[in-house]
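Thank you all for coming. I would like to walk you through the spaces in one protein model, and then through a few details of its backbone.

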Amino acid sequence: MSASDSYSLLRTDIAGIDVRELADLAGTPVYVYDAAVMQARLAKLAAFDVVRYAQKACANLAVIDLLRRGGVLVDAVSAGEIGRALAAGYQAQGDPPPIVYTADIFDAESLDLVVQHGLHVNCGSADMIGQLAERVDGAHVTLRINPGFGHGHSQKTNTGGPQSKHGIWHEQLDDVLQAADRHGVIVSGLHMHIGSGTDMEHLSQVASAMESAARLVGRTITTISAGGGLPTPYQAGDPEVDIDRYYELWNATRTRLGEEFGHPVRLEIEPGRYLTAEAGYLVTEIRAIKRMGENAFYLVDAGFNDLARPILYGAYHPMSIVPRDGATDRSTHEVVVGGPLCESGDIFTQEEGGFVSSRALPIASVGEYLVIECAGAYGAVMGSNYNSKPLAAEVLIEQGAPHVVRRRQTVEDLLRNESVPARD
Ligand code: LLP
């Protein structure tokens, strides 16, 4: 049985709190996160030496803080994410490094922050090594390697192979090691992340690619990172990932390497989606119901400015209706779910390529809430202000209490940094 067998088409609460209460608290659309789900996911990863959260999945300070309190370290891919990690209470330095900057480039701001705070860097290009060496003597870095293959839930989330811009090409590792030597930079670890939302079959191939690459680097290696990419069961019947098996595979790899090098090798994992996807819900209100020829539409007050995954990847999210009358059973019909934006692609029930599809959902009326589920990863963080829509509020439910952890933007927020040139 997979977790997704339990997705239901009617729901009255999230983590024990009435959805209507949550909507009243912060207005709709609103992202709601259930802390207990994140904690439960985290507990499943306990065997790994380090769980390093890829905060790009859900970067609200309260979420980072929650995971930090659970013992998680953090990854940062931009100056902004470094700022968030520091604001959430992470120390800049330590062993293992609490914050790792992983990217394929330094922009001026991120390099300044790395130097200022002495942050550990996971280099995705050879150029980063030289640029860091100009500012820091004797830096220890990890290298992100592109093992020559990749896989993701969509071609857009595949980060390996020759079409990917990510990482250092595996066949160039030796050259890059020589360059690191010339710059006095020590390579203390390797990292591979082949894509997001991949599957066990592909993930399992990474461990042996890592083993060969680590042998090439040799004894300076003290850490290997398996990256992120663990899949989420978005649809009924999708398999739940077998973490124990995955850990065994990587543990065997690092044990062999440790024996060869004569010192322990730390094993990191870098999940984003796995920790937050199933914890998040986007609560929307149905504002109009209409029919276009054969098709029935629910138009809700959230659009792809709030949740971009369907328009970007044709991503599937479970949906449920909050029955105003408390009904526990309602007949369903096929319906297309769309948002308020002035763009025809603003449809939550679509397939990759933009083909509109429909979903069997309970018959509902205007004013009822529709909840888009499994939306905690790559949801709020990919929100935009398109159509001058304010970013949605975010609520975290922890120990039975809902907390507004980001208030909804106001129109004043949107206009704050804009100005009209003075004219005489
Ligand atoms: N590490 C690195 C270096 C990454 O680039 C990523 C994701 C992760 C870890 C975390 O991957 P995860 O465990 O979440 O699969 N917007 C897309 C996903 C983009 C992922 C980008 N990198 C989506 O909505 O599916």
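I will begin with the ligand, go on to the pockets and the cavity, and finish with the loops.

Please keep in mind that this is a predicted model, in which local features need pLDDT of at least 70 and side-chain atom pairs count only at pLDDT 80 or more, while totals for chains, interfaces and linings use all residues. Residues are numbered from 1 along each chain as its sequence is written, and side-chain values use heavy atoms, with hydrogens and water left out.

Which residues come nearest to the ligand? Of the 19 residues around it, these are His-153, Ser-196, Glu-270, Arg-309 and Tyr-378, where a residue counts as near if one of its heavy atoms lies within 4 Å. By class, this shell holds 5 nonpolar, 9 polar and 5 charged residues; here Ala, Val, Leu, Ile, Met, Phe, Trp, Tyr, Cys and Pro count as nonpolar, Asp, Glu, Lys and Arg as charged, and the others, Gly among them, as polar.

Turning to polar contacts, meaning pairs of N or O atoms within 3.5 Å, a polar side-chain atom of Glu-270 lies 2.6 Å from a nitrogen atom of the ligand, and a polar side-chain atom of Tyr-313 lies 2.7 Å from a ligand nitrogen. In the side chain of Tyr-378, an N or O atom is 2.6 Å from an oxygen atom of the ligand. The ligand taken alone exposes 590 Å², and the protein buries 91% of that, with accessible areas from the Shrake-Rupley method and a 1.4 Å probe.

On a 1 Å grid over the protein atoms alone, a cavity is a set of points where a 1.4 Å probe fits but cannot get out, whereas a pocket is an open set with protein on both sides within 12 Å along at least five of seven lines, and lining residues have an atom within 4 Å of a point. The ligand takes up the space of the largest pocket, and a molecule is said to sit there if more than half of its atoms lie within 2 Å of the grid points.

That largest pocket holds about 820 Å³, a volume being the space filled by probe spheres set on the points. Its lining has 39 residues, of which Lys-56, Arg-144, Thr-159, His-166 and His-193 are the closest to its centre. Which element gives the most to this lining? It is β6, with 3 residues; helices (H or I, at least four residues) and strands (E, at least two) are DSSP runs.

The second largest pocket has about 490 Å³ of space, and of its 30 lining residues the closest to the centre are Pro-97, His-120, Val-121, His-140 and Ser-188. Its lining divides into 11 nonpolar, 14 polar and 5 charged residues.

As for cavities, the count comes to 1 of 30 Å³ or more, and residues including Phe-304, Leu-307, Asp-346 and Phe-348 line the largest cavity. That lining comprises 7 nonpolar, 2 polar and 1 charged residues.

Finally, the backbone. A cis peptide bond joins Thr-28 and Pro-29, with omega about -5°, and Pro-29 is found in the loop between α1 and β3. The bond from Asp-95 to Pro-96 is also cis, with omega near 0°, and Pro-96 has its place in the loop between α4 and β6. Asn-387, in the loop between β20 and β21, has a positive phi near 60° although it is a residue other than glycine.

Terms used. A polar contact is a pair of N or O atoms within 3.5 Å; within protein, one must be able to donate a hydrogen and the other to accept it, and residues adjacent in sequence count only if both atoms are side-chain atoms.
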